[in-house]
Amino acid sequence: MSNLLLKLKNIASDSNFPILMALCCVHCFNDLLQAVISAVYPMLKDDLSLNFAQIGLITLVYQIAASVFQPAVGLAFDKRPFVGSLPMGMCSTTLGIILFAWSSSLAMVLVSVFLVGVGSSTLHPEASRITSLASHGRRGLAQSIFQVGGNLGTSTGPLLVALLVAPYGRHHVMWFLIISALAFYAMRPICRWYRGYLNGIKSRTSGKSQHHLPLPLSKRRTIFVIGVLLVLIFSKYIYMASLTNYYTFYLIDKFGVSIQHSQIFLFVFLVSTAVGTLVGGPIGDRYGRKPVIWVSILGTAPFSMLMPYTGLAMTVVLSFCVGFMLSSAFPAILLYSQELLPNKLGLVSGLFFGFAFGIAGVASAVLGNFADSYGIETVYHACAYMPLLGLVAYFLPNLKKDGVTTL
């Protein structure tokens, strides 16, 4: 912990620290708005008389919009950086939130979540790439600061829904336009810095060929390693989908808690993901990405396998442990992949964010049908074994141990 505080002190003295904090805030506001969608599911289910399969369909449409476009957006902005990319994504999210608040049919809900998903697919790869550019070499800590913003937003969303929306009705989602306005305001210094950065790059490379960093591994081995990382993302986000989208239903069904209490317990789980994210990046900087990936995913299995057999209090405790362990993996996986392809930061960020969102969407649809057929508790018995796929981390080369130079 002392080492983490020292690194935070060092990076705070960096001239780019305000930009990293602005990126953290933008990520927080964006993911808070995204979290509103799943947090309102219990009310939406009652308002429109939906079943679990239709809830899964809503999540699938949202996650596809938030995933399919991400690699394309990342590749496009790798080739032609655009200063206004972040505000453009937030415009789509804001329009989606307005429609979601007033949707009176399943079709309108699907359109609204599609727009919110498009906004997310625009923001994530670009903001992650800008974070790497502004990190001054402290990429693990910088990505953790960026990622923890998203986790805080995701965890705060359900709590605000419980306070501002659940007692009064779904139309009160309109209050979250204040968050949208704050996001636009936080983007202003980022856009100014990014414009200056791009102008500096143009002046330094005028009349020169663009410099490309060498790949740390052979092309064939790089493809294999990326495949292993995608398997790890698969295992992580299937289990995360069961918690993010159906945890409140599970608590209501098994323990008879109210909607408001279920949102508070979801908040506890999501806060744990923020803490785990903040810890994972700096540890990866010091000890290497592979140990963090290995421990965080496989180490979740004992908690996930025990959780379906415990009471309410222990379920909340175990959900915190699960969130803390699993969330520390993603910054390490993302940075590991960026180090494999150092010249394609936007493409890699889009690929991994997109794959994560896509897997979560497909898993939500499948789990929704599964819950309708076999019951919501059965979902947690089945998904508890997914973290065991963390065993495939054995096949990842340890870049620090192998002497591979990282960014």
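Reader: Which residues line the second largest pocket?

Author: Happy to start there, and please keep in mind that this is a predicted model. The lining is made up of Val-279, Gly-280, Ile-283, Tyr-287, Pro-291, Val-292, Val-295, Ser-296, Phe-324, Met-325 and Ser-328. The volume of this second largest pocket is about 160 Å³.

Reader: What makes up the lining of the second largest pocket in terms of nonpolar, polar and charged residues?

Author: There are 8 nonpolar residues, 3 polar and no charged. Gly-280 is one of the lining residues, and glycine counts as polar under the scheme used here. At least two lining residues come from each of helix H10 (259-287), helix H11 (289-298) and helix H13 (312-327).

Reader: Which residues touch the most other members of the largest nonpolar core?

Author: Those are Leu-229, Tyr-247 and Ile-293, in a core of 104 residues. Helix H9 (residues 219-255) gives the most to this core, namely 18 residues. A second, separate core has 5 residues, among them Cys-24, Leu-141, Ile-145 and Val-148.

Reader: What is Leu-229 in contact with, leaving aside its neighbours within four places in sequence?

Author: Its partners are Ile-293, Ile-333, Tyr-336, Ser-337, Leu-340, Phe-352 and Leu-396.

Reader: How do you know that Cys-25 is in no disulfide?

Author: A disulfide needs two cysteine sulfur atoms within 2.5 Å. For Cys-25, the nearest cysteine sulfur belongs to Cys-24 and is 5.5 Å away, so Cys-25 is in no disulfide. Cys-28 is in no disulfide either, with the sulfur of Cys-24 nearest at 6.6 Å. The structure as a whole holds 0 disulfides.

Reader: Why is Cys-28 called buried, and why is Cys-25 called partly exposed?

Author: Buried means under 20% relative accessible area, exposed means over 50%, and partly exposed lies in between. Cys-28 has 16% relative accessibility, so Cys-28 counts as buried. Cys-25 has 32%, and therefore counts as partly exposed.

Reader: Why does Ser-49 count as exposed, and where is Ser-49 found?

Author: Its relative accessibility is 63%, which is over the 50% cut-off, so Ser-49 counts as exposed. Ser-49 is found in the loop between helix H3 (41-47) and helix H4 (52-79).

Reader: What is the phi of Ser-49?

Author: Ser-49 has a positive phi, about 55 degrees, although this residue is not a glycine.

Terms used. Residues numbered from 1 in each chain as written. Predicted model: local features only at pLDDT ≥ 70, side-chain atom pairs only at ≥ 80, totals over all residues. Heavy atoms only, no water. 1 Å grid on protein atoms, 1.4 Å probe; cavity = no way out; pocket = protein on both sides within 12 Å on 5 of 7 lines; lining within 4 Å. Points joined across faces, edges and corners; volume = space filled by probe spheres on them. Helix = DSSP H or I, 4+ residues; strand = E, 2+ residues; numbered from the N terminus. Core = buried A, V, L, I, M, F, W, Y, C linked by side-chain atoms within 4.5 Å. Buried < 20%, exposed > 50% of the residue type's maximum accessible area, 1.4 Å probe, protein only. Contact = heavy atoms within 4.5 Å.
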